[in-house]
Amino acid sequence: MKRATSLACTALALSGCGKHAGTPNTSASATVTVPAPVASASADVAPGAPASGGTLMNKALCRALAVKGTVTAAGGTPLVTGDGLGHAGYVELAEGGSLTVKNTETSRELSFSGPARVLPCERGEERFVLPFGAVETTTWAGARPGADVLIATPFGAVRYGDAKLEVHADSKGLTVASAAGDAWVWLGGAAAEQKIPDGKRFESRGRAPDVKALVTDCETRAGEAESRARAVLVPGKSTAPLGTRAAEHVRARKAARLSCAVAAAAVQTAKTDAEKDELGRRVSYAEARWRSVPPR
């Protein structure tokens, strides 16, 4: 993914890590520049603001490759085949509706079926926030070393590189079936990711998730990732070796990424709009924290 590439480079931020790093910062300050909280779930678009005239004009990182039935963008704008999804926000699929999304940069394709709600290509990444609904993935197209797709639901996050999966999320839980390839599921907490091998099925059923607890976990992990980033560049006395500190940062960043994606999906299940707005702002700010890079 564009904004999560070269984690080691980001974590270390050492001279020579990239040719476009810019002029080194000679300051010894450990201050991390954190972007201001954003109301949108996307870094460069406003989910609630479709373009005027009914046509969704944008950078077209993701497009509606095929639309069937009733599928609408935020604000109720109907989606049609060929529409860009950068300004679509959360897309609603009615019963019987379907939407095939293609990332025009990587050629990756995913097909969603209703009833469903999904935020496609969040932040321009191969990341999909799915509060509820079903999705099928494809193999080959878009698969490349080191690049994975993240599908976040209120019950957990599904990650894969090249696999044909069926993922279904509803008010009772999460189901993932692999027809080809491997996937990994993270259910939150201290548990490690669970691997779903080729041909296997995973199911997690239970109570509706505690939205506030998920948002708090996201904030905690984002703070940890931010702290680990500082530790890499401005170590104190008697600290662990640089390689150890960098590895700790990468692990903390990965955990924050998964946790905050799940929290973003769970926020959409909040009972009131006021609660949804408040928790959404908290998740957006936490996202900015774990993604932040300390100055060199």
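1. Ground rules. Residues are numbered from 1 along each chain as its sequence is written, and side-chain values use heavy atoms, with hydrogens and water left out. Local features need pLDDT of at least 70 in this predicted model, side-chain atom pairs count only at pLDDT 80 or more, and totals for chains, interfaces and linings use all residues.

2. The cavity. The structure holds 1 cavity of 30 Å³ or more. A cavity is a set of points on a 1 Å grid over the protein atoms alone where a 1.4 Å probe fits but cannot get out. The largest cavity has about 30 Å³ of space. That volume is the space filled by probe spheres set on the points, which are joined across faces, edges and corners.

3. Its lining. Lining residues have an atom within 4 Å of a point. Among them in the largest cavity are Cys 62, Arg 108, Phe 128 and Val 149. Strand E4 (residues 98-103) gives the largest share, 3 residues. Strands (E, at least two residues) and helices (H or I, at least four) are DSSP runs, numbered from the N terminus. By class, the lining has 6 nonpolar, 1 polar and 3 charged residues. Here Ala, Val, Leu, Ile, Met, Phe, Trp, Tyr, Cys and Pro count as nonpolar, Asp, Glu, Lys and Arg as charged, and the others, Gly among them, as polar.

4. H3 and H4. Helix H3 (residues 242-267) packs with helix H4 (residues 273-291) at about 165°, their axes 10 Å apart. Axes are lines fitted to C-alpha atoms, for helices over the stretch in contact, and angles run from 0 to 180 degrees between N-to-C directions. The angle therefore makes H3 roughly antiparallel to H4 (over 145 degrees; under 35 is roughly parallel). The contact (heavy atoms within 4.5 Å) includes Ala 256 and Cys 260 of H3 and Leu 279 and Val 283 of H4. Its residues divide into 10 nonpolar, 1 polar and 5 charged.

5. H2 and H4. Helix H2 (residues 211-233) and H4 pack at about 20°, with axes 8 Å apart. H2 and H4 are therefore roughly parallel. Among the residues in contact are Val 215 and Ala 222 of H2 and Leu 279 and Trp 290 of H4. The classes are 9 nonpolar, 2 polar and 6 charged.

6. H2 and H3. This pair packs at about 155°, with axes 8 Å apart. H2 and H3 are therefore roughly antiparallel. Their contact has 19 nonpolar, 2 polar and 7 charged residues.

Technical notes:
1 Å grid on protein atoms, 1.4 Å probe; cavity = no way out; pocket = protein on both sides within 12 Å on 5 of 7 lines; lining within 4 Å. Parallel < 35°, antiparallel > 145°, perpendicular 65-115°, else oblique.
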